[in-house]
Amino acid sequence: MLLFAAATLVGAGLPPGAARAEQPTLKLVALGDSLTAGYRLPADAAFPAVLERALKAKGYRVEIANAGVSGDTSTGGLDRLDWSVPDGTQGVILELGANDMLRGTDPAVTRKALETIIVRLKERGIPVLLAGMLAAPNLGAEYRAWFDAIYPDLAKAHDLVLYPFFLDGVAGQRANTMDDGLHPTAKGVERVVEGILPTVETFLGRLGQAPEPKGQ
């Protein structure tokens, strides 16, 4: 009992958080196209930077590398996968397929490229959060059905955390898109981050990362 009391008193005298092991910084990569790269935006207004700040504000220790390339397709992302996602990466946010859709690429091609990316990352022990895309209405009902099914199907097949539509709250909203009607403005990126944030937190939980109490 005396030993327990002494240990309690010693612990009580420690500064806040001293008894808690500090979590290491989690290294993520956002692999995507112009929606990730931050087309026509300053680097600190691009999706990875805004998401990193939002997570840090909630107490997470993360670094998110921007591996977005404007104009990239899912096949292009696959071609550069090894150098875009370096060794030591602990998780990938995969956002590709918008350019496939805009070009009317056969959804089977998009599906195969995305699945190959997922499998190759899993082989390296790197978990994936899949950011989904939806086909534009003018592409027709059949194409939309084939394309839109890619992301939930892959998430189910590979047990991935899925954010169903990356541009939710941005697509079709003139206040959140640039004059091309496609890319998010800085305000639009903030809306993307607001929408995807709970899903990213779920993903971080799978990776064993939890927010640290404020003041730690």
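The following dialogue explains how terms are applied to this predicted model.

User: What makes a residue or a side-chain value count in this predicted model?

Analyst: Local features need pLDDT of at least 70, side-chain atom pairs count only at pLDDT 80 or more, and totals for chains, interfaces and linings use all residues. Residues are numbered from 1 along each chain as its sequence is written, and side-chain values use heavy atoms, with hydrogens and water left out.

User: How many helices and strands does the protein chain have?

Analyst: The protein chain has 10 helices and 5 strands. Helices (H or I, at least four residues) and strands (E, at least two) are DSSP runs, numbered from the N terminus.

User: Why is Thr-199 called buried?

Analyst: Buried means under 20% relative accessible area, exposed means over 50%, and partly exposed lies in between (1.4 Å probe, protein chains only). Thr-199 has 15% relative accessibility and therefore counts as buried. Thr-199 lies in helix H10 (residues 186-206). Over the protein chain, buried residues make up 44% of the 216 residues.

User: What is Thr-199 in contact with, leaving aside its neighbours within four places in sequence?

Analyst: Contact means heavy atoms within 4.5 Å. With those neighbours left aside, Thr-199 is in contact with Leu-129, Val-161, Leu-162 and Tyr-163.

User: Is Leu-129 buried or exposed, and how do you know?

Analyst: Leu-129 has a relative accessible area of 0%, so this residue is buried. Leu-129 belongs to strand E4 (residues 128-131). Beyond four places in sequence, Leu-129 touches residues including Val-92, Ile-93, Leu-94 and Thr-199. From C-alpha to C-alpha, Leu-129 and Leu-94 are 6.1 Å apart in space, although 35 residues apart in sequence.

User: What makes a set of residues a nonpolar core, and how many residues has the largest one?

Analyst: A nonpolar core is a set of buried Ala, Val, Leu, Ile, Met, Phe, Trp, Tyr and Cys residues joined through side-chain atoms within 4.5 Å. The largest such core has 58 residues, and those with the most contacts inside it are Leu-31, Phe-47, Leu-51, Leu-55, Leu-94, Met-133 and Phe-166. H10 gives the most to this core, with 8 residues.

User: Which residues of helix H3 are buried, and what do they pack against?

Analyst: In helix H3 (residues 47-57), the buried residues are Phe-47, Pro-48, Val-50, Leu-51, Glu-52 and Leu-55. The buried residues of H3 pack against strand E1 (26-32), helix H2 (34-37), strand E2 (62-68), strand E3 (91-95) and H10. Apart from neighbours within four places in sequence, the contacts of Leu-55 include Tyr-60, Val-62 and Ile-64, as well as Leu-197 and Val-200.

User: Why are H3 and H10 called oblique to each other?

Analyst: Axes are lines fitted to C-alpha atoms, for helices over the stretch in contact, and angles run from 0 to 180 degrees between N-to-C directions. Angles under 35 degrees count as roughly parallel, over 145 as roughly antiparallel, 65 to 115 as roughly perpendicular and the rest as oblique. The axes of H3 and H10 cross at roughly 60 degrees and come within 9 Å. H3 and H10 are therefore oblique.

User: What makes the crossing of H3 and H10 right-handed?

Analyst: A crossing is left-handed if the near helix is turned anticlockwise from the far one by less than a right angle, and right-handed if clockwise. H3 passes H10 in a right-handed crossing.

User: How do you know that H7 and H9 are roughly parallel?

Analyst: Helix H7 (residues 107-123) and helix H9 (residues 150-158) pack at an angle of about 30 degrees, with their axes 11 Å apart. H7 and H9 are therefore roughly parallel to each other. Among the residues making the contact are Leu-114 and Ile-118 of H7, together with Tyr-151 and Leu-154 of H9. The crossing of H7 and H9 is right-handed.

User: Why is Asp-159 called exposed?

Analyst: The relative accessible area of Asp-159 is 54%, so this residue is exposed. Asp-159 lies in the loop between H9 and strand E5 (161-163).

User: What sets the phi of Asp-159 and of Arg-40 apart?

Analyst: Most residues other than glycine have a negative phi. Asp-159 has a positive phi near 55 degrees, and Arg-40 has a positive phi near 60 degrees. Arg-40 lies in the loop between H2 and H3.

User: Is Gly-208 buried or exposed?

Analyst: Gly-208 has 57% relative accessibility and therefore counts as exposed. Gly-208 is in the segment after H10.
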